[in-house]
Amino acid sequence: MKLKGADVLVAGAGPVGMFMALRLAQEGLSVRVVESAAAPASHSYALALHPESLELLDQLGLAAPVLASATRVSRLMLHASGEHTAMIDLSQLDRRYPFLAIIQQDVLERHLVAALQDRHIEVLWNHRLARFQQDSDGVDVQVDRLSQYGTGYALAHLERMVQDTYDGRFGFLIGADGNHSLVRLQSRVDFPASSPSQHYAVFEFQSRCAPSDQAHLVLDDRTTNVLWPLPGGLQRWSWQLQEFEASVYSREKDHELVEIGSGRFPKFEHDLLLRLIRERAPWFEAGSVGYIRWSIAVRFEKRLASRFGQDRVWLVGDAAHLTLPAGIQSMNVGFREAEHLACLLTDAARRHQLEALEDYNKSFTDEWRQLQGLDAGLEAGPKTPPWIADLADRLLPSLPASGRDLRALAAQLGLQAPALAAGAAPA
Ligand SMILES: Cc1cc2nc3c(=O)[nH]c(=O)nc-3n(C[C@H](O)[C@H](O)[C@H](O)COP(=O)(O)OP(=O)(O)OC[C@H]3O[C@@H](n4cnc5c(N)ncnc54)[C@H](O)[C@@H]3O)c2cc1C
């Protein structure tokens, strides 16, 4: 069967793939999206939009509706080993929206889906890119249409079967297909880990605290922990688990590990949250924890693709990199990648010249090497407080920013990111 062609096929309708499709269409290219899942994300996952992401969404007219569903964070309190605190003030950033917009990923994705629908950009849900082959003029793709059946057992479990297979031809293929990217695998691009994996227990709960514009980053000798205020009177604690704790929950099967929520371990779950608060954040009012809406144990790691693509096939977002969760960098830098690539690709399509696309590979490889601490990262100066200097490496993936905003926030702590200035993609 035939799949109608277009200038660009985007594989993956996660936040980065949908943003990419919207920007390509805005630039005047025809675009189609295939997504193997049946529907957008159903949980909060990456929950903060950086100030620059809000500007990017604004180009699409999406900042206002997104902000209407979000809560704002303009200060990040840094707590270290129960002894030191420092305040990071996002309102000082030279940005149109100098704050983080806290919005659950499922809500953000619903806004992006609605924008795609408004612009008549078709997303083929339940359609999985199966293989592709590029030549000098375009990319031949094969896409499987999947069906979905519940197996009927009490534990929700879905089996998927290939219903039909479609062939199509596109000018370019964008792999926005996440962590286990087929586009990356079939392009034979390596995806090495740059640090051991870390496990986090994430709890989202109804809070009895007054709404706040403050998030908290809590670091001790071994762990990184974050408290986010969420819309709707919710809060989220993400706790890095130590190795012995992680082994209790982990099946090491996938990105998502054992689900410790959903009422399966309700008492234990509540006890664990209270214990972590007592041990690591005694200043937090444990009595404010209400109903635990969602909790999960998740494994995070730092990985970077050896290339961001070539000629007519390119990677964006988690398909090209993974990082630790506190700074919400993977999704937000993913939006910047999509923006940069959409501009270069539009130009390349019009002029039938692909050479300029190499700039995308170079810029974001350089930037991610720095974000992952593979090249020079944050550096302390003579006036940097020693406790901050000691934490510099761990602060790099934990600050909710990239590019020039990351440099500005780091500077508030007395840290410099000199190497990030050179060769980094425009920010
Ligand atoms: C439980 C959980 C908690 C998280 N918490 C945080 C956090 O606290 N902080 C943080 O920064 N990040 C967090 N993340 C990660 C965050 O969700 C990702 O960084 C973000 O979703 C990346 O967006 P993306 O669009 O690049 O990829 P994804 O959102 O992964 O989207 C990729 C899409 O491609 C689809 N796809 C895959 N293969 C194919 C194919 N062959 N054909 C068609 N479609 C395909 C997938 O179904 C998926 O919808 C979390 C993730 C999970 C799972």
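## Close-up views of a predicted model

View 1. An oxygen atom of the ligand sits 3.4 Å from a polar backbone atom of Pro 15. At Ser 36, a backbone N or O atom lies 3.1 Å from a nitrogen atom of the ligand. A polar contact here is a pair of N or O atoms within 3.5 Å; within protein, one must be able to donate a hydrogen and the other to accept it, and residues adjacent in sequence count only if both atoms are side-chain atoms. On its own the ligand has 990 Å² of accessible area, and the protein covers 85% of it. Areas come from the Shrake-Rupley method with a 1.4 Å probe; for residues, only the protein chains shown count as cover. The elements giving two or more residues to the shell around the ligand are α1, β2 (31–35), β9 (127–134) and β16 (289–300). In total, 27 residues surround the ligand, and the closest are Val 16, Glu 35, Gln 105, Leu 129 and Asp 318.

The model is predicted: local features need pLDDT of at least 70, side-chain atom pairs count only at pLDDT 80 or more, and totals for chains, interfaces and linings use all residues. Residues are numbered from 1 along each chain as its sequence is written, and side-chain values use heavy atoms, with hydrogens and water left out.

**View 2. The whole chain.** The protein chain has 12 helices and 22 strands. Helices (H or I, at least four residues) and strands (E, at least two) are DSSP runs, numbered from the N terminus. Of its 427 residues, 57% count as buried. Buried means under 20% relative accessible area, exposed over 50%, and partly exposed in between (1.4 Å probe, protein chains only). The chain exposes about 18200 Å², and carbon and sulfur atoms supply 50% of that area. Among contacts with a separation of 6 or more, 73% join residues 24 or more positions apart. Contact means heavy atoms within 4.5 Å.

**View 3. Arg 75 and Asp 213.** These two residues form a salt bridge, with the closest N and O atoms 2.8 Å apart. Arg 75 lies in strand β5 (residues 75–80) and Asp 213 in the loop between β12 (198–207) and β13 (214–219), so the pair ties together parts 138 residues apart in sequence. Arg 75 is partly exposed, at 29% relative accessibility. Asp 213 is partly exposed too, at 26%. A salt bridge is a side-chain nitrogen of Lys or Arg within 4 Å of a carboxyl oxygen of Asp or Glu. By this rule there are 23 salt bridges.

**View 4. Arg 236 and Glu 204.** The closest N and O atoms of this salt bridge are 3.2 Å apart. Arg 236 is in strand β15 (residues 234–241) and Glu 204 in strand β12, so the bridge ties together parts 32 residues apart in sequence. Arg 236 is buried, with a relative accessible area of 6%. Glu 204 is buried at 0%.

**View 5. A salt-bridge network.** Glu 52, Glu 55, Arg 95, Arg 336, Glu 367 and Asp 405 are linked in a network of salt bridges. Within it, the side chains of Asp 405 and Arg 95 meet at 2.9 Å, N to O. Asp 405 lies in helix α11 (residues 403–412) and Arg 95 in the loop between β6 (84–89) and β7 (100–102), so this pair ties together parts 310 residues apart in sequence. Both Asp 405 and Arg 95 are buried.

**View 6. Around Glu 55.** Glu 55 is found in helix α2. Glu 55 is buried, at 16% relative accessibility. Leaving out residues up to four places away in sequence, Glu 55 touches Arg 95, Arg 96 and Tyr 97. The C-alpha atoms of Glu 55 and Arg 96 are separated by 7.0 Å, although the two residues are 41 apart along the chain.

**View 7. Helix α4.** Helix α4 (residues 105–118) has 14 residues and reaches 20 Å from its first C-alpha to its last, close to the expected 20 Å. The expected span is 1.5 Å times one less than the number of residues. In α4, 10 of the 14 residues are buried, so the helix is largely enclosed by the rest of the structure. Among the buried residues are Gln 105, Leu 108, His 111 and Leu 112. The buried residues pack against α1 (15–26), β3 (48–49), α2 (51–59), α3 (63–68), β8 (123–125) and α8 (329–351). His 120 follows α4 and has a positive phi, near 60°.

Note on methods:
A residue is near a molecule or strand if one of its heavy atoms lies within 4 Å of it.
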